[in-house]
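Work through these exercises with the structure open beside you. Try each task before you read its solution.

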There are 2 protein chains.
Amino acid sequence: MWVNGQAATQLSLLDRGLAYGDGLFETILLQQGKPVWLDAHLGRLQNGCDRLGLHIDRMLLQGEITAFLEQNQHLILPKSQAVLKIMLTRQSGGRGYRAATRLCNRILTLHPAPSDSAHNATHGIKAFLCQFRLAQQPKLAGIKHLNRLEQVLASQEWPDDSYQEGVVLDRADYVIEGTRTNLFAVINQQLLTPGLDQCGVNGIMRQQLLQHFGKQAKVQAFDYHAMLEADEIFVCNSIVGVWPVVSLRLVATHQEFAIGPYARQAQQYFQSVLDHVD
Amino acid sequence: MWVNGQAATQLSLLDRGLAYGDGLFETILLQQGKPVWLDAHLGRLQNGCDRLGLHIDRMLLQGEITAFLEQNQHLILPKSQAVLKIMLTRQSGGRGYRAATRLCNRILTLHPAPSDSAHNATHGIKAFLCQFRLAQQPKLAGIKHLNRLEQVLASQEWPDDSYQEGVVLDRADYVIEGTRTNLFAVINQQLLTPGLDQCGVNGIMRQQLLQHFGKQAKVQAFDYHAMLEADEIFVCNSIVGVWPVVSLRLVATHQEFAIGPYARQAQQYFQSVLDHVD
């Protein structure tokens, strides 16, 4: 683990990332040691910095990432996949909530890739429809900031690990995303994913898939009744790829879905990216 | 600074308080070294723990607070006032957002009391009506959790330190609170403070004042048009006490208010508490 280019395991108790969640993060897949979609992740980070009033020296950060991965090759390379997490936190200082600086601490940590991704991609997952509703906050929507209590609360809901993801709605019962994934559904033969201008995280995998599918996919709101009529549903993020949802647990029942051609196409696209990462 | 009863300056990079803002805090006024309204603060902390699914050993925490204040007497007692901050963060572990433990780290830090409280209490403050709107999230409303980006963003809005506080509304233009205070307004001869079941922090000072004023005060929603018609407005928290608002900056203009009898009565009540803290 590194902080600002130096090996470290801890951060100051006065850091604003800890005090207020005043910061951002990214989790980036390392495929054979190489970061996948690094530019897209750094682009979202930059956008988050602009939104929160943080300054990031992108060249410096990229240099640190390169050095960090090089120095930890012996940990990364024995596995085909690993995860690099970047955290940016606003440095301490300021008068309470009012920030006195745009400067960030740059935190790099290394994590094992989830072991169940491939199995879930092949066989699909059981998902849980959360009762928790996301608040609408356009000023924070889309970016991957450190205020994640909504996701923490939503992911307490399912009873055991037979569920691999929770689906969360907004307060008007519109579908937004999974707790750690974005969601696509095929409704009336149309591939849809919700807009994220009021809540949710605009995932890199979602962005890549929207680009990949082009005019075949549409960003469009749909509520949970419409989702239940879907021909197929899948969730995705840049670490686990694409997981078809084959069963959705509702309050007292559950609904089953087939794994469909869009999910398989999305998975093939992801695999082709992984095969050609440089 | 202490973590779990031991002197420390840092916290693990893997702590969930840092990663997700998965935790709570309290700031408690120390008057002549003695914590003011400690039981009420610990009560709110306990309520927050219940809401977030955290476990806190209150006896252990109280013992640590006593020992921490005793050991730091030489820093605290030369000043008549200081501030004790308690942070509870969920310990690391779990699979992403989904928590694996209810156990907390207990962080105690000491801070100087703000130097401008008495001046602002006497003369009143200039407040700024923020454009930022609070999201409605009943599952997090009222408690003092570590997801405070809304307050960070709102408090970036005013241009300089001639403003001492920002007033924040919800998305329907109802008044909720100050960025770091609760708000009371006297409208049609009635002392009102907004309900906080959808957003906002239920401050200890607010709770104490509602108790003090009894039937004279009402918890009732009012929008910002109604606030502009107020006979008096004041903001409060348990550190700074009661600050009358004598000027409210709107987009292109500002509105002035007189310091009224309710604010003065609230200040007298606060002073009597400080005079008799044991």
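**Exercise 1. Find the bridge partner of Leu11(A) in strand 3 of chain B.**

Solution. Step 1: note that this is a predicted model. Step 2: go to strand 3 of chain A, residues 10-12. This strand pairs with strand 3 of chain B. The sense is antiparallel, and there are three bridges. Step 3: read off the partner of Leu11(A), which is Leu11(B).

**Exercise 2. Describe the extent of the interface between chain B and chain A.**

Solution. Step 1: take the residues in contact. Chain B contributes 60, and they meet 60 residues of chain A. Step 2: take the area. About 5,000 Å² is buried between the two chains, and carbon and sulfur atoms give 57% of that. Leu13(B), Tyr97(B) and Arg98(B) supply 18% of the area that chain B buries against chain A.

**Exercise 3. List the polar links across the interface, then sort the chain B side by class.**

Solution. Step 1: count salt bridges. The rule finds two between chain B and chain A. One of them joins the side chains of Asp161(B) and Arg98(A), at 3.7 Å from N to O. Step 2: count polar contacts. There are 24 residue pairs across the interface, both residues at pLDDT 80 or more. Step 3: see which elements of chain B take part. Those supplying at least two residues include helix 2 (38-52), strand 6 (81-90) and strand 8 (125-134). Step 4: sort by class. The side of chain B that touches chain A has 26 nonpolar, 16 polar and 18 charged residues.

**Exercise 4. Is Asn105(B) buried or exposed?**

Solution. Step 1: locate Asn105(B) in strand 7 of chain B. Step 2: compare its relative accessible area with the cut-off. The value is 11%, and buried means under 20%, so Asn105(B) is buried. Step 3: check its surroundings. A polar contact of 2.7 Å joins its side chain to that of Asp15(B). Beyond its neighbours within four places in sequence, Asn105(B) also touches Leu11(B), Met87(B) and Thr89(B), among others.

**Exercise 5. Is Ile233(A) buried or exposed, and which residues does Ile233(A) touch?**

Solution. Step 1: find Ile233(A) in strand 14 of chain A, residues 232-237. Step 2: apply the cut-off again. Relative accessibility is 2%, so Ile233(A) counts as buried. Step 3: name its contacts, leaving out residues up to four places away in sequence. Among them are Leu183(A), Phe184(A), Met227(A), Pro244(A) and Phe257(A).

Technical notes: Residues are numbered from 1 along each chain as its sequence is written. Chains are lettered from A and ligands numbered from 1 in the order in which they are written. This is a predicted model: local features need pLDDT of at least 70, side-chain atom pairs count only at pLDDT 80 or more; totals for chains, interfaces and linings use all residues. Side-chain values use heavy atoms; hydrogens and water are left out. Contact means heavy atoms within 4.5 Å. Buried area is the accessible area (1.4 Å probe) that two parts lose on being put together, summed over both. A salt bridge is a side-chain nitrogen of Lys or Arg within 4 Å of a carboxyl oxygen of Asp or Glu. A polar contact is a pair of N or O atoms within 3.5 Å; within protein, one must be able to donate a hydrogen and the other to accept it, and residues adjacent in sequence count only if both atoms are side-chain atoms. Helices (H or I, at least four residues) and strands (E, at least two) are DSSP runs, numbered from the N terminus. Ala, Val, Leu, Ile, Met, Phe, Trp, Tyr, Cys and Pro count as nonpolar, Asp, Glu, Lys and Arg as charged, and the others, Gly among them, as polar. Two strands pair if DSSP finds at least two bridges between them. Buried means under 20% relative accessible area, exposed over 50%, partly exposed in between (1.4 Å probe, protein chains only).
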